[in-house]
Amino acid sequence: MTVADRAAAGFHQVYAQPPAGRWAAPGRVNLIGEHTDYNDGFVLPFALPLRTVAAAAPQPGETWTVWSELTGETVDFGAAEVTAAGRVTGWAGYVAGIVWALREAGYPVPGARLAIASDVPLGAGLSSSAALEAAVLAALADLGGLDLPAEAQPRLAQRAENRYVGAPTGIMDQSAAIRCRAGHALFLDCRTEQVEHIPFDLAAAGLAILVIDSNAPHRHVDGEYAARRNSCEKAAALLDVPALRDVPTDNLDDALARLPDDETRRRVRHVVTENQRVYDTVDLLRARQIQQIGPLLVASHTSMRDDFAITVPEIDTAVEAALAAGALGARMTGGGFGGCVLALVEADHSDTVANAVTDAYARRGFTAPTHTTVTPAAGATRLD
Ligand code: GAF
(Lines give C-alpha, C1' and ligand atoms only; values in the text may rest on other atoms or scores of the structure.)
Protein backbone atom coordinates (compact mmCIF):
# COMPACT_ATOMS: atom_id res chain seq x y z
CA MET A 1 0.00 0.00 0.00
CA THR A 2 1.21 3.52 -0.69
CA VAL A 3 1.66 5.92 2.18
CA ALA A 4 -1.44 7.85 1.03
CA ASP A 5 -3.48 4.64 1.05
CA ARG A 6 -2.20 3.73 4.49
CA ALA A 7 -3.26 7.14 5.83
CA ALA A 8 -6.77 6.71 4.34
CA ALA A 9 -7.09 3.13 5.57
CA GLY A 10 -5.96 4.17 9.06
CA PHE A 11 -8.48 7.00 9.03
CA HIS A 12 -11.33 4.63 8.08
CA GLN A 13 -10.32 2.13 10.71
CA VAL A 14 -10.01 4.62 13.58
CA TYR A 15 -12.91 6.97 12.80
CA ALA A 16 -15.27 4.70 10.78
CA GLN A 17 -15.71 7.40 8.12
CA PRO A 18 -13.77 8.56 5.05
CA PRO A 19 -11.39 11.52 5.37
CA ALA A 20 -12.36 14.87 3.83
CA GLY A 21 -8.97 14.96 2.16
CA ARG A 22 -5.31 13.94 2.28
CA TRP A 23 -2.30 16.22 2.46
CA ALA A 24 1.32 15.17 1.87
CA ALA A 25 4.64 16.76 2.80
CA PRO A 26 8.14 15.46 2.04
CA GLY A 27 11.31 14.81 3.98
CA ARG A 28 14.42 16.56 2.64
CA VAL A 29 18.11 16.28 2.11
CA ASN A 30 20.25 19.36 2.21
CA LEU A 31 22.59 19.55 -0.77
CA ILE A 32 24.79 22.09 1.01
CA GLY A 33 24.57 24.82 3.69
CA GLU A 34 24.66 23.13 7.09
CA HIS A 35 24.05 24.96 10.37
CA THR A 36 23.79 28.16 8.39
CA ASP A 37 20.00 28.61 8.71
CA TYR A 38 19.95 29.81 12.33
CA ASN A 39 22.83 32.14 11.45
CA ASP A 40 20.52 33.94 8.99
CA GLY A 41 22.52 32.40 6.15
CA PHE A 42 21.91 30.32 3.02
CA VAL A 43 20.84 26.72 2.43
CA LEU A 44 20.15 24.55 -0.61
CA PRO A 45 17.89 21.62 0.30
CA PHE A 46 15.67 19.58 -1.96
CA ALA A 47 12.56 17.55 -1.13
CA LEU A 48 12.60 13.76 -1.13
CA PRO A 49 10.08 11.48 -2.81
CA LEU A 50 9.51 10.08 0.73
CA ARG A 51 6.46 11.73 2.25
CA THR A 52 4.27 12.00 5.32
CA VAL A 53 0.53 11.99 4.65
CA ALA A 54 -2.21 13.38 6.89
CA ALA A 55 -5.74 12.18 6.16
CA ALA A 56 -8.13 14.55 7.92
CA ALA A 57 -11.73 15.65 8.45
CA PRO A 58 -13.30 18.35 10.61
CA GLN A 59 -14.64 17.49 14.05
CA PRO A 60 -16.89 19.70 16.17
CA GLY A 61 -15.59 22.03 18.88
CA GLU A 62 -12.04 22.82 19.86
CA THR A 63 -10.90 19.21 19.95
CA TRP A 64 -8.28 17.36 17.96
CA THR A 65 -7.77 13.60 17.63
CA VAL A 66 -4.72 12.19 15.90
CA TRP A 67 -3.73 8.63 15.10
CA SER A 68 -0.32 7.55 13.86
CA GLU A 69 0.49 4.30 12.06
CA LEU A 70 3.90 4.39 13.68
CA THR A 71 2.68 3.69 17.20
CA GLY A 72 -0.92 2.69 16.44
CA GLU A 73 -1.79 5.17 19.17
CA THR A 74 -4.60 7.77 19.16
CA VAL A 75 -4.03 11.01 21.05
CA ASP A 76 -6.78 13.52 21.93
CA PHE A 77 -6.26 17.10 22.96
CA GLY A 78 -8.39 20.19 23.42
CA ALA A 79 -8.05 23.94 23.90
CA ALA A 80 -6.41 23.51 27.32
CA GLU A 81 -3.48 21.62 25.77
CA VAL A 82 -2.85 24.28 23.14
CA THR A 83 -3.06 27.41 25.28
CA ALA A 84 0.45 26.83 26.62
CA ALA A 85 3.48 25.27 24.96
CA GLY A 86 4.65 21.74 25.62
CA ARG A 87 1.48 20.24 27.11
CA VAL A 88 1.29 17.43 24.54
CA THR A 89 4.55 15.51 24.30
CA GLY A 90 6.02 12.85 21.99
CA TRP A 91 5.13 12.68 18.30
CA ALA A 92 1.68 14.22 18.89
CA GLY A 93 3.44 17.32 20.27
CA TYR A 94 4.33 18.29 16.69
CA VAL A 95 0.64 18.18 15.77
CA ALA A 96 -0.46 20.08 18.88
CA GLY A 97 2.37 22.54 18.23
CA ILE A 98 0.90 23.40 14.83
CA VAL A 99 -2.54 23.99 16.37
CA TRP A 100 -0.90 26.11 19.09
CA ALA A 101 1.14 28.17 16.58
CA LEU A 102 -1.89 28.79 14.36
CA ARG A 103 -3.96 29.95 17.32
CA GLU A 104 -1.14 32.15 18.62
CA ALA A 105 -1.00 33.79 15.20
CA GLY A 106 -4.74 34.50 15.46
CA TYR A 107 -6.09 31.85 13.09
CA PRO A 108 -9.39 30.14 13.97
CA VAL A 109 -8.22 26.52 13.82
CA PRO A 110 -10.97 24.00 13.09
CA GLY A 111 -11.35 20.94 15.33
CA ALA A 112 -10.12 17.92 13.38
CA ARG A 113 -9.55 14.19 13.20
CA LEU A 114 -6.27 13.16 11.64
CA ALA A 115 -4.56 9.93 10.63
CA ILE A 116 -0.84 10.07 9.91
CA ALA A 117 1.24 7.66 7.83
CA SER A 118 4.83 8.23 6.74
CA ASP A 119 7.61 6.92 4.55
CA VAL A 120 10.14 9.38 6.01
CA PRO A 121 12.36 7.41 8.39
CA LEU A 122 12.60 8.80 11.93
CA GLY A 123 15.94 9.84 13.36
CA ALA A 124 17.76 9.64 10.01
CA GLY A 125 18.23 13.39 9.69
CA LEU A 126 15.77 13.55 6.78
CA SER A 127 13.42 15.92 8.55
CA SER A 128 10.56 13.67 9.53
CA SER A 129 9.36 16.24 12.07
CA ALA A 130 9.10 19.06 9.51
CA ALA A 131 7.25 16.71 7.13
CA LEU A 132 4.73 15.96 9.88
CA GLU A 133 4.34 19.64 10.76
CA ALA A 134 3.91 20.64 7.11
CA ALA A 135 1.33 17.94 6.33
CA VAL A 136 -0.75 18.80 9.40
CA LEU A 137 -0.45 22.52 8.74
CA ALA A 138 -1.63 22.10 5.15
CA ALA A 139 -4.56 19.95 6.31
CA LEU A 140 -5.74 22.35 9.02
CA ALA A 141 -5.29 25.42 6.82
CA ASP A 142 -7.45 23.86 4.08
CA LEU A 143 -10.09 22.41 6.41
CA GLY A 144 -10.46 25.80 8.11
CA GLY A 145 -10.27 27.81 4.87
CA LEU A 146 -7.46 29.81 6.52
CA ASP A 147 -5.80 32.54 4.53
CA LEU A 148 -2.25 31.29 4.98
CA PRO A 149 0.02 31.58 1.94
CA ALA A 150 2.81 29.00 1.54
CA GLU A 151 5.45 31.71 2.15
CA ALA A 152 4.08 32.29 5.65
CA GLN A 153 3.85 28.64 6.64
CA PRO A 154 7.51 27.72 7.33
CA ARG A 155 7.92 30.40 10.03
CA LEU A 156 4.75 29.21 11.71
CA ALA A 157 5.82 25.54 11.63
CA GLN A 158 9.28 26.49 12.91
CA ARG A 159 7.63 28.34 15.81
CA ALA A 160 5.69 25.17 16.66
CA GLU A 161 8.95 23.23 16.78
CA ASN A 162 10.96 25.90 18.64
CA ARG A 163 8.38 27.02 21.14
CA TYR A 164 5.87 24.20 21.57
CA VAL A 165 8.15 21.16 21.15
CA GLY A 166 11.21 23.03 22.45
CA ALA A 167 13.77 22.18 19.73
CA PRO A 168 15.89 25.23 18.78
CA THR A 169 16.06 24.48 15.04
CA GLY A 170 16.35 26.94 12.15
CA ILE A 171 13.93 27.41 9.26
CA MET A 172 15.47 25.16 6.61
CA ASP A 173 13.51 21.95 7.14
CA GLN A 174 10.06 23.53 7.27
CA SER A 175 10.90 25.66 4.21
CA ALA A 176 11.99 22.57 2.29
CA ALA A 177 8.90 20.58 3.28
CA ILE A 178 6.61 23.40 2.18
CA ARG A 179 8.31 25.36 -0.60
CA CYS A 180 10.41 22.91 -2.67
CA ARG A 181 9.62 22.22 -6.32
CA ALA A 182 10.08 18.94 -8.18
CA GLY A 183 13.28 18.87 -10.21
CA HIS A 184 14.75 21.81 -8.30
CA ALA A 185 16.83 22.60 -5.25
CA LEU A 186 15.58 25.41 -3.02
CA PHE A 187 18.06 28.27 -2.63
CA LEU A 188 16.80 29.94 0.52
CA ASP A 189 17.96 33.11 2.19
CA CYS A 190 17.08 32.30 5.79
CA ARG A 191 16.98 35.97 6.81
CA THR A 192 14.63 37.32 4.17
CA GLU A 193 13.01 33.96 3.34
CA GLN A 194 13.41 34.79 -0.34
CA VAL A 195 13.74 31.68 -2.44
CA GLU A 196 15.03 30.80 -5.87
CA HIS A 197 14.17 27.43 -7.37
CA ILE A 198 17.40 26.17 -8.93
CA PRO A 199 17.01 23.52 -11.67
CA PHE A 200 18.70 20.33 -10.50
CA ASP A 201 18.31 17.79 -13.28
CA LEU A 202 20.59 14.97 -12.25
CA ALA A 203 19.38 12.51 -14.88
CA ALA A 204 20.12 14.93 -17.75
CA ALA A 205 23.69 15.15 -16.50
CA GLY A 206 23.97 11.34 -16.17
CA LEU A 207 24.29 11.73 -12.40
CA ALA A 208 22.51 10.54 -9.28
CA ILE A 209 22.41 11.44 -5.61
CA LEU A 210 22.89 8.47 -3.38
CA VAL A 211 21.60 8.91 0.17
CA ILE A 212 23.30 6.61 2.65
CA ASP A 213 21.75 6.26 6.09
CA SER A 214 24.66 5.75 8.47
CA ASN A 215 22.35 3.95 10.90
CA ALA A 216 24.63 5.37 13.57
CA PRO A 217 22.95 5.81 16.92
CA HIS A 218 22.25 9.50 17.46
CA ARG A 219 24.53 10.76 20.18
CA HIS A 220 23.68 13.86 22.24
CA VAL A 221 22.01 15.43 19.22
CA ASP A 222 19.78 17.90 21.04
CA GLY A 223 22.38 19.17 23.50
CA GLU A 224 25.14 19.44 20.89
CA TYR A 225 22.86 21.22 18.40
CA ALA A 226 21.88 23.78 21.02
CA ALA A 227 25.54 24.19 22.00
CA ARG A 228 26.54 24.94 18.37
CA ARG A 229 23.74 27.45 18.07
CA ASN A 230 24.81 29.15 21.32
CA SER A 231 28.44 29.45 20.23
CA CYS A 232 27.38 31.00 16.95
CA GLU A 233 25.12 33.52 18.66
CA LYS A 234 27.82 34.41 21.19
CA ALA A 235 30.37 34.84 18.41
CA ALA A 236 28.02 37.14 16.49
CA ALA A 237 27.60 39.26 19.63
CA LEU A 238 31.38 39.43 20.11
CA LEU A 239 31.80 40.49 16.49
CA ASP A 240 29.02 43.01 16.92
CA VAL A 241 26.95 41.73 14.00
CA PRO A 242 23.28 40.66 14.06
CA ALA A 243 24.21 37.13 12.88
CA LEU A 244 27.23 35.30 11.43
CA ARG A 245 25.73 35.78 7.99
CA ASP A 246 26.94 39.36 8.30
CA VAL A 247 30.61 38.35 8.40
CA PRO A 248 31.80 38.63 4.79
CA THR A 249 34.10 35.86 3.53
CA ASP A 250 36.80 38.33 2.52
CA ASN A 251 36.78 39.70 6.08
CA LEU A 252 36.98 36.31 7.74
CA ASP A 253 40.58 36.54 8.92
CA ASP A 254 39.96 39.88 10.63
CA ALA A 255 36.84 38.50 12.29
CA LEU A 256 38.66 35.37 13.48
CA ALA A 257 41.45 37.46 14.98
CA ARG A 258 38.88 39.22 17.16
CA LEU A 259 37.60 35.99 18.72
CA PRO A 260 38.84 34.73 22.08
CA ASP A 261 39.45 31.01 21.53
CA ASP A 262 40.20 28.39 18.93
CA GLU A 263 36.87 26.57 19.28
CA THR A 264 34.84 29.72 18.60
CA ARG A 265 37.09 30.57 15.65
CA ARG A 266 36.43 27.13 14.15
CA ARG A 267 32.67 27.43 14.57
CA VAL A 268 32.65 30.83 12.88
CA ARG A 269 34.94 29.68 10.08
CA HIS A 270 32.57 26.81 9.30
CA VAL A 271 29.50 29.05 9.07
CA VAL A 272 31.15 31.80 7.01
CA THR A 273 32.84 29.43 4.55
CA GLU A 274 29.72 27.26 4.31
CA ASN A 275 27.62 30.24 3.25
CA GLN A 276 30.19 30.91 0.52
CA ARG A 277 30.03 27.26 -0.59
CA VAL A 278 26.25 27.54 -0.96
CA TYR A 279 26.74 30.55 -3.25
CA ASP A 280 29.42 28.75 -5.25
CA THR A 281 27.23 25.65 -5.61
CA VAL A 282 24.30 27.75 -6.82
CA ASP A 283 26.55 29.45 -9.39
CA LEU A 284 27.62 26.06 -10.77
CA LEU A 285 24.06 24.74 -10.87
CA ARG A 286 22.89 27.88 -12.67
CA ALA A 287 25.63 27.22 -15.22
CA ARG A 288 24.37 23.60 -15.53
CA GLN A 289 27.70 22.28 -14.23
CA ILE A 290 26.39 19.83 -11.66
CA GLN A 291 29.35 17.51 -11.93
CA GLN A 292 31.62 20.37 -10.77
CA ILE A 293 30.01 20.72 -7.35
CA GLY A 294 31.77 17.63 -5.94
CA PRO A 295 34.74 19.48 -4.39
CA LEU A 296 32.37 21.91 -2.64
CA LEU A 297 30.49 18.98 -1.08
CA VAL A 298 33.79 17.51 0.12
CA ALA A 299 34.95 20.86 1.53
CA SER A 300 31.64 21.19 3.34
CA HIS A 301 32.13 17.80 4.93
CA THR A 302 35.69 18.56 6.00
CA SER A 303 34.49 21.80 7.57
CA MET A 304 31.69 20.00 9.45
CA ARG A 305 34.16 17.37 10.64
CA ASP A 306 37.12 19.55 11.63
CA ASP A 307 35.68 22.98 12.40
CA PHE A 308 32.07 22.44 13.46
CA ALA A 309 32.77 19.00 15.01
CA ILE A 310 29.38 17.46 14.23
CA THR A 311 30.31 14.25 12.43
CA VAL A 312 30.77 10.76 13.91
CA PRO A 313 33.05 7.87 12.78
CA GLU A 314 30.28 6.06 10.85
CA ILE A 315 29.54 9.23 8.86
CA ASP A 316 33.21 9.98 8.10
CA THR A 317 33.73 6.36 7.06
CA ALA A 318 30.79 6.57 4.63
CA VAL A 319 32.13 9.78 3.06
CA GLU A 320 35.68 8.43 2.73
CA ALA A 321 34.54 5.10 1.27
CA ALA A 322 32.19 6.81 -1.20
CA LEU A 323 34.95 9.12 -2.42
CA ALA A 324 37.49 6.29 -2.66
CA ALA A 325 34.96 4.36 -4.79
CA GLY A 326 34.67 7.22 -7.27
CA ALA A 327 31.88 9.48 -5.96
CA LEU A 328 32.31 13.01 -7.37
CA GLY A 329 31.54 14.47 -3.93
CA ALA A 330 30.07 13.38 -0.61
CA ARG A 331 29.08 15.00 2.65
CA MET A 332 26.98 14.52 5.72
CA THR A 333 23.55 16.12 5.35
CA GLY A 334 21.40 17.46 8.20
CA GLY A 335 22.06 18.40 11.80
CA GLY A 336 24.79 15.84 12.45
CA PHE A 337 25.90 13.31 15.08
CA GLY A 338 24.56 10.50 12.89
CA GLY A 339 21.96 10.63 10.14
CA CYS A 340 22.70 10.48 6.41
CA VAL A 341 25.48 11.10 3.92
CA LEU A 342 24.76 12.17 0.37
CA ALA A 343 27.07 11.24 -2.48
CA LEU A 344 27.05 12.68 -5.98
CA VAL A 345 27.76 9.78 -8.34
CA GLU A 346 27.72 8.87 -12.01
CA ALA A 347 24.27 7.31 -12.44
CA ASP A 348 25.65 3.92 -13.47
CA HIS A 349 28.10 3.92 -10.59
CA SER A 350 25.76 4.21 -7.62
CA ASP A 351 25.76 0.48 -6.76
CA THR A 352 29.56 0.39 -6.77
CA VAL A 353 29.71 3.34 -4.38
CA ALA A 354 26.98 1.94 -2.12
CA ASN A 355 28.70 -1.46 -1.96
CA ALA A 356 32.03 0.16 -1.12
CA VAL A 357 30.41 1.94 1.84
CA THR A 358 28.79 -1.31 3.02
CA ASP A 359 32.18 -3.09 2.84
CA ALA A 360 33.92 -0.30 4.75
CA TYR A 361 31.27 -0.54 7.47
CA ALA A 362 31.74 -4.29 7.73
CA ARG A 363 35.50 -3.82 8.09
CA ARG A 364 34.97 -1.36 10.94
CA GLY A 365 32.32 -3.51 12.64
CA PHE A 366 29.59 -0.86 12.25
CA THR A 367 25.89 -1.70 11.87
CA ALA A 368 25.26 -2.01 8.12
CA PRO A 369 24.18 1.22 6.36
CA THR A 370 21.14 1.47 4.09
CA HIS A 371 20.95 3.48 0.88
CA THR A 372 18.68 4.81 -1.82
CA THR A 373 18.99 7.13 -4.82
CA VAL A 374 16.76 10.18 -4.82
CA THR A 375 15.48 12.84 -7.20
CA PRO A 376 14.19 16.27 -6.14
CA ALA A 377 10.46 16.13 -5.39
CA ALA A 378 7.71 18.69 -4.66
CA GLY A 379 6.83 20.35 -1.35
CA ALA A 380 3.60 20.00 0.61
CA THR A 381 0.47 19.46 -1.42
CA ARG A 382 -3.16 18.40 -1.16
CA LEU A 383 -3.61 14.96 -2.71
CA ASP A 384 -7.41 14.79 -2.89
C1 GAF B 1 18.51 20.40 11.58
C2 GAF B 1 17.69 21.65 11.85
F3 GAF B 1 16.37 21.34 12.05
C4 GAF B 1 17.83 22.66 10.73
O5 GAF B 1 17.17 23.85 11.08
C6 GAF B 1 19.29 22.93 10.38
O7 GAF B 1 19.89 23.75 11.35
C8 GAF B 1 20.06 21.62 10.22
O9 GAF B 1 19.86 20.74 11.34
C10 GAF B 1 21.54 21.85 10.06
O11 GAF B 1 21.79 22.51 8.87
O12 GAF B 1 17.97 19.71 10.48
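Q: Where is Leu 238 found, and what makes it count as partly exposed?
A: In this predicted model, Leu 238 belongs to helix 6. Its relative accessibility is 49%. Buried means under 20% and exposed means over 50%, with partly exposed in between, so Leu 238 counts as partly exposed at 49%.

Q: Which residues does Leu 238 touch, not counting residues up to four places away in sequence?
A: They are Arg 258, Leu 259 and Pro 260. Contact here means heavy atoms within 4.5 Å. For Ala 255, the value is one between C-alpha atoms: those of Leu 238 and Ala 255 are separated by 9.6 Å, with the two residues 17 apart along the chain.

Q: Why is Asp 307 called buried?
A: The relative accessible area of Asp 307 is 9%. Buried means under 20%, so Asp 307 is buried. Asp 307 sits in the loop between helix 9 and helix 10.

Q: What makes the pair Asp 307 and Arg 269 a polar contact?
A: The two side chains come to 2.8 Å. A polar contact is a pair of N or O atoms within 3.5 Å, one able to donate a hydrogen and the other to accept it, so the pair at 2.8 Å is a polar contact. Leaving aside neighbours within four places in sequence, Asp 307 is also in contact with Arg 266, Arg 267, His 270 and Thr 302.

Q: How do you know that the span of helix 10 agrees with what its twelve residues should give?
A: At 1.5 Å a residue, helix 10 should span 16 Å. The C-alpha atoms at its ends are 16 Å apart, so the two values agree.

Q: Which residues of helix 10 are buried, and what covers them?
A: Glu 314, Ile 315, Asp 316, Thr 317, Ala 318, Val 319, Ala 321 and Ala 322 are the buried ones. Their cover includes helix 9 (294–306), strand 10, strand 11 and helix 11. Just after helix 10, Gly 326 has a positive phi of about 105°.

Q: What makes a set of residues a nonpolar core, and how many residues has the largest one here?
A: A nonpolar core consists of buried residues of the nonpolar kinds, joined through side-chain atoms within 4.5 Å. The largest has 43 residues, and Leu 244, Val 268, Ala 322, Ala 343, Val 353 and Val 357 have the most contacts inside it. Elements that each supply at least two of its residues include helix 6 (221–238), helix 10 (313–324) and strand 11 (340–346). Helix 11 gives the largest share, six residues. Another core, of 41 residues, lies apart from this one, and Ala 54, Ala 92, Ala 130 and Leu 132 are among its members.

Q: Why is helix 5 said to be largely enclosed?
A: Seven of its eight residues are buried, so helix 5 is largely enclosed by the rest of the structure. Among the buried ones are Met 172, Gln 174 and Ile 178. Helix 5 (residues 172–179) lies across strand 1 and strand 3, at about 130° to strand 1.

Q: What makes strand 1 largely enclosed?
A: Ten of the ten residues of strand 1 are buried, so the rest of the structure largely encloses it.

Q: Why are strand 5 and strand 13 called edge strands?
A: Six strands form an open sheet in the order 5-4-6-3-1-13, with mixed pairing. Strand 5 (74–78) and strand 13 (381–382) each pair on one side only. Strand 5 is joined to strand 4 by five bridges, and the two run antiparallel.

Q: Is Glu 193 buried or exposed?
A: Glu 193 has 16% relative accessibility, which is under 20%, so it counts as buried.

Technical notes. Residues are numbered from 1 along each chain as its sequence is written. This is a predicted model: local features need pLDDT of at least 70, side-chain atom pairs count only at pLDDT 80 or more; totals for chains, interfaces and linings use all residues. Side-chain values use heavy atoms; hydrogens and water are left out. Buried means under 20% relative accessible area, exposed over 50%, partly exposed in between (1.4 Å probe, protein chains only). Helices (H or I, at least four residues) and strands (E, at least two) are DSSP runs, numbered from the N terminus. The expected span of a helix is 1.5 Å times one less than its number of residues. Two strands pair if DSSP finds at least two bridges between them. Axes are lines fitted to C-alpha atoms, for helices over the stretch in contact, and angles run from 0 to 180 degrees between N-to-C directions.
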